[in-house]
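The following exercises concern the structure shown below. Each task is followed by a solution in steps.

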Amino acid sequence: MRLPDRLEKLRQLFFGDIVRTFGWTSLLLLLLLAVAPAKHFFADWHRYQRGYERLISKRSDAVTLRRHFEPGIQQIWLPEMGVVDRCTTCHSALKETTLKDVTTQPYRPHPVIPHKPEEMGCSICHRGQGAATSVEEAHKSTLAWEEPLLPAKYLESSCGQCHQQDLKGTPQLNLGRQMLSQYGCVHCHTIKRPDGSVITGTDDPPSLAHIADKTTREWIYAWLKDPQAYSTTATMPNFRLSDDDARDISAFLTSSSTPASLKVVQASLDEAKKVKDNAALQTKAASLYGESFCASCHAVQNAAGNLVGGNVGPELTKIGSKAKPEWLQAWVRNPHDYDPPTGMPHYRFTDQEVGELTGFLLAKTDADLLANVHLEAPTPDQIAHGKRLVNDYGCASCHEINGIKRPENFAPELTKIGSKPVNQLAFAPGVPHTLYDYIGAKVKQPRAFGPSLKMPQYTFNAAQIDALVNALLSHDERALTMPAAKTVPALPVSHYEPAGKAGQLINDLNCFECHTINGRGGDMAPDLTWEGSSVQREWLVQFFRNPNTLRPALIRRMPKFNLTDAEINTLTDYIMTVYQSPKIDRDSMPLAGYAPGQVELGKQLYYSKYGCQACHIIDTKQDKGYIGPTLTHVGSRLTAAWIYGWMKDPSMLRPGTQEPKRNMSDEDARALTAFLMSQKGSEKQEAKKR
Amino acid sequence: MSTPDSKDFVARVGSDQRKSPVRVAFVTRRTSAQVKAHDESIVQSFPEVLFRAAIAVQVLACILVLISLFFNAPLEGLADASHTPNPAKAPWYFLGLQELLHYFPPVVAGVLVPTLVVLALIVIPYFNINIEAEGLFAKDRDKRLKIFWAVSIAFCIFLIIFDVIVALVPTVITVALMALAATTPANSPSAFRRSLAAKPLSFWIMSWFLFELVVLTAVGTLFRGPGWSWVWPWSGPGGVK
Amino acid sequence: MTTFNKYFDELRETKVWRSVFRGGTGKSTLRNSMAIQQNVFLHLLSTKVRKRMLEFNATWYLGTLTLGTFGILVITGILLMLYYHPSVPQAYADTKDLQFVVSSGQFLRNLHRWSAHAMVFLVFAHMFRVFYRGAYRPPREFNWVIGVVLLLVTLLLSYTGYLLPWDQLAFWAITVGSNIASAVPLMGDKVRFLMLGGHFVNANALLRFYVLHCMILPLAALFFVAIHFWRIRKDGGLYARHSEPDVVMTTAPARPPL
């Protein structure tokens with residue numbers, strides 16, 4: 001038979017009859033339909049589960065591991081949090097601590113964390129698409145799910161969804177949150193916490209209402225052009241202004257400035273002039289600057305280029321190029337005259353001292369700063385243009401400026417920035433299309449997203465940017481919808497105001513800048529809420545007169561305010577009467593008169609049973625403990641009742657203290673109290689102090 | 001077919017021995033019988049038609065199954081009334097309408113046009129002119145040509161006023177073809193032109209409608225980006241480059 | 001093959017088979033006709049068909065294929081209904097779960113979606129094909145009208161189904177569509193309210209579209225498809241050119257003879 005005939009016969013056999021053809025197409029359709037379940041069988045998670053079974057079969061504890069392992073799709077379902085996480089389908093070994101050495105994903109056990117996966121799910125912290133069962137869909141950004149897995153460096157942001165207070169384990173998040181307040185982000189952008197409270201700034205940008213009294217137009221110009229050229233630690237960002245724009249804004253600011261009521265004392269000015277150009281007088285003034293502990297708050301660049309001092313107040317390296325002498329001497333005398341809400345305390349300096357310090361500061365100049373700034377007298381057009389620019393750039397969001405209203409919601413609200421849909425973002429070229437990359441790039445270089453954007457340029461390093469991204473990502477939709485039982489709200493803001501004359505003094509000295517009392521104030525110095533229960537009156541009076549540090553290792557110290565005796569009495573009386581702990585009965589224990597045997601027993605307990613010398617110093621020659629305060633004078637400083645209470649439970653008196661709770665018996669505590677109360681310092685030191 | 005007054009025939013039950021049915025025609029005075037095909041060959045629906053239909057459906061099913069195995073149905077993020085995608089597009093078969101909405105007020109593009117289209121489709125078989133199906137310009141040539149030009153030019157001007165270039169292009173091409181048909185002599189050597197000349201009015205309207213439908217839908221689907229602006233399909237997602 | 005045929009014939013002779021299928025056995029023309037006439041579904045169709053109408057070129061099988069896609073849609077649609085809740089936002093989660101956990105769920109949804117698009121396309125193609133063949137002419141004019149109704153039903157089926165995944169694509173497509181409805185003069189907002197069960201596309205609209213998509217519109221489609229097929233038979237079978245009195249032939253001499 002010829003080949004074509006054979007083929008024809010074959011065709012007849014298979015397709016000769018319409019019913020036969022139907023049979024073949026039916027078969028083809030059935031075969032194709034069978035592919036779909038086959039495709040399902042070769043899904044990612046089937047493969048990973050088979051891989052896991054192979055992995056554990058080779059291990060010594062294979063039987064236990066196999067008993068823990070459940071094949072098929074696994075899920076963690078938490079309806080009240082909207083969690084359907086099937087991650088454990090492939091990540092089978094999350095809880096298998098014996099697999100610690102396994103490094104290949106998806107079989108790595110989870111590091112130890114305070115939460116259980118079955119209570120929190122996975123996607124609440126890691127993001128990604130929890131419900132997905134394929135690698136791509138679960139981890140990457142897709143058209144139907146724009147929230148890819150968070151990189152490890154942004155994981156802390158997820159803690160911030162529930163925890164509104166700082167956590168020990170989230171340094172990046174804590175830093176980012178602090179930066180949001182410190183760098184003035186929240187002046188332009190409103191950010192609300194899930195409880196509805198608005199995040200407020202801590203940077204306290206100065207009022208510009210009397211700016212012409214304080215500084216020159218040339219300095220304003222130079223500052224606007226590049227704030228960091230004046231001070232590397234300046235929080236004011238760079239608005240990338242053109243020369244003309246900076247000229248016009250400086251023109252507007254000086255012309256809109258009104259005179260402040262400054263107390264100008266000619267004697268102080270004369271003294272300042274003398275000190276400014278005299279090296280010997282400079283040295284003397286420098287020691288006054290040191291004794292007043294100005295450096296606790298203000299930093300100055302030393303010869304090596306390092307900043308020395310605190311960052312509470314502005315850096316003073318080039319203050320002489322900025323401040324006018326009349327303003328500076330008035331400011332040093334009483335800063336509240338110029339700026340009532342300022343954080344700077346009112347030192348009681350004499351006119352002579354004011355002059356010395358003013359002269360000392362005026363000498364701190366930088367010849368280069370204003371060398372190239374030459375400004376003509378402003379025209380009305382320039383002033384009008386400057387005003388327009390001030391409005392455009394939202395300067396009044398931060399600064400008080402005469403004639404400009406503070407704009408409401410100048411920049412977009414960021415309360416839900418952490419869950420902003422990616423398809424609504426306009427990305428700058430080269431920025432990967434993820435939310436965290438967008439935020440990072442925007443913070444790093446805002447104007448790269450378009451030259452017309454108003455957001456200024458900050459000088460953040462990579463770690464700071466990551467910290468900010470963490471803080472911003474934590475403000476997302478989930479944080480707002482999290483069930484209340486799961487959240488840890490922020491500490492409520494305290495509006496505590498001390499009363500009476502003492503209250504006026506406390507505000508005049510700005511104690512709250514460093515100390516916290518009843519929840520209000522800074523964390524630089526000890527909490528004073530129970531100070532009256534804690535210390536002896538005599539010691540407190542001495543301390544106000546001549547503040548002596550309790551912890552020699554610290555640079556920041558309590559300044560000497562030169563208070564009068566009457567003022568000291570007012571303050572001390574108030575503290576001893578009002579700042580009392582209900583848990584301490586000051587009169588329940590004698591301040592002295594313990595039996596020698598008890599003191600001796602206390603000493604033994606101190607050195608042997610409890611090993612207190614590891615952290616504290618009593619014998620200055622032998623002890624090397626620098627973690628806790630020195631206890632050489634503790635007997636003349638603290639009350640016996642406080643020490644006894646402290647021995648029993650330190651964290652009850654000061655939550656969060658490092659002092660461990662030792663579960664002492666009453667006898668031990670009493671003996672230790674007796675021993676510590678006997679530590680009153682040597683007579684010689686006492687005499688020197690007076 | 002009307003029943004004659006007097007019965008002069010006998011009705012008989014046919015048997016299946018005859019392969020094809022016998023056509024019975026009543027010839028009245030005005031018409032004349034004209035049977036073109038006398039003996040059509042006829043097949044049984046079972047099995048010939050049914051199995052053929054089943055095969056056709058199965059082949060289509062195979063194609064659809066293959067497509068479904070390799071191309072996933074689109075799915076985007078959860079519906080969110082506060083985030084409008086740009087552009088928000090209707091299903092593809094309504095994109096022709098959405099394209100019209102871009103030019104005309106909603107009452108015209110969204111209500112009037114679709115209603116008219118549906119009505120026009122319904123009445124097609126009820127108009128004699130559609131049934132007779134003779135060449136548009138075969139009779140009354142001059143008068144019809146005048147009407148044709150008047151209507152065409154008026155419609156084109158209307159489209160230009162509303163700046164509907166997308167709809168204008170198919171219209172102009174259709175009008176050009178109709179003009180070609182109108183100028184074709186009966187004995188034209190070109191078979192294409194002869195067939196054009198034989199097309200009735202309904203053909204022209206329907207073809208123009210189909211042309212517009214395809215062009216508008218294609219433009220709405222492929223060439224429209226953010227803000228319903230014109231984008232090229234190859235310039236990628238977002239389109240604004 | 002012959003053995004198989006033998007057994008099959010024997011099967012058809014059994015009491016049970018004969019009680020189910022009234023057509024009986026044998027291969028005669030009568031039997032073949034009975035297979036159509038005596039079947040509740042098939043009797044809608046003609047018993048005999050002109051042979052040349054079987055050729056692909058005659059009809060392109062567009063009507064048949066449209067019915068085929070409808071069949072696929074009914075089957076996959078019923079299976080999809082097993083996994084779907086018409087509520088917000090569960091509908092979206094269910095659509096996701098089809099992809100993530102339901103065995104071959106993604107395939108089912110794909111097949112349903114692509115078949116739906118194919119059906120809309122085929123319905124349009126069928127309509128234009130019928131028009132260009134002139135198959136709408138009397139006595140088939142009413143079947144053409146039913147065809148137009150079926151076109152509208154098909155569009156509505158596809159449109160209502162579009163909302164069910166409850167994703168951005170669905171939500172905004174329906175929003176755009178329902179905004180058009182509100183342009184109806186005088187009662188536009190009423191029409192829109194009736195359509196959505198509210199002033200906006202929300203959970204009510206989803207439920208309404210679900211009922212329309214899974215119940216009302218498929219029944220309407222079935223109803224009209226039945227009439228459509230039955231009318232083909234009653235109107236003289238598939239329209240075949242030159243086989244019946246055709247006025248065209250007398251007035252178009254330029255056309256070459258068949």
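**Exercise 1.** State how S1(B) and strand S1 (residues 48-50) of chain C are joined.

*Solution.* Strands (E, at least two residues) are DSSP runs, numbered from the N terminus, as are helices (H or I, at least four residues). Two strands pair if DSSP finds at least two bridges between them. Here three bridges join S1(B) to S1(C), and the two strands run antiparallel. As one of the partners, Arg50(C) in S1(C) is bridged to Ile42(B).

The model is predicted: local features need pLDDT of at least 70, side-chain atom pairs count only at pLDDT 80 or more, and totals for chains, interfaces and linings use all residues. Residues are numbered from 1 along each chain as its sequence is written, while chains are lettered from A and ligands numbered from 1 in the order in which they are written.

**Exercise 2.** Describe the contact between chain B and chain C.

*Solution.* Residues are in contact if their C-beta atoms, placed from the backbone, lie within 7 Å. Chain B contributes 65 residues and chain C 74 residues. On the side of chain B that touches chain C, H1(B) gives the most, with 15 residues.

**Exercise 3.** Determine which elements chain B has, and their order.

*Solution.* Chain B holds eight helices and one strand. From the N terminus on, the order is β-α-α-α-α-α-α-α-α. Of its 241 residues, 22% count as buried (20 or more other C-beta atoms within 10 Å of the residue's own, the C-beta atoms being placed from the backbone).

Key: Buried ≥ 20, exposed ≤ 12 C-beta atoms within 10 Å, placed from the backbone. Contact = placed C-beta atoms within 7 Å.
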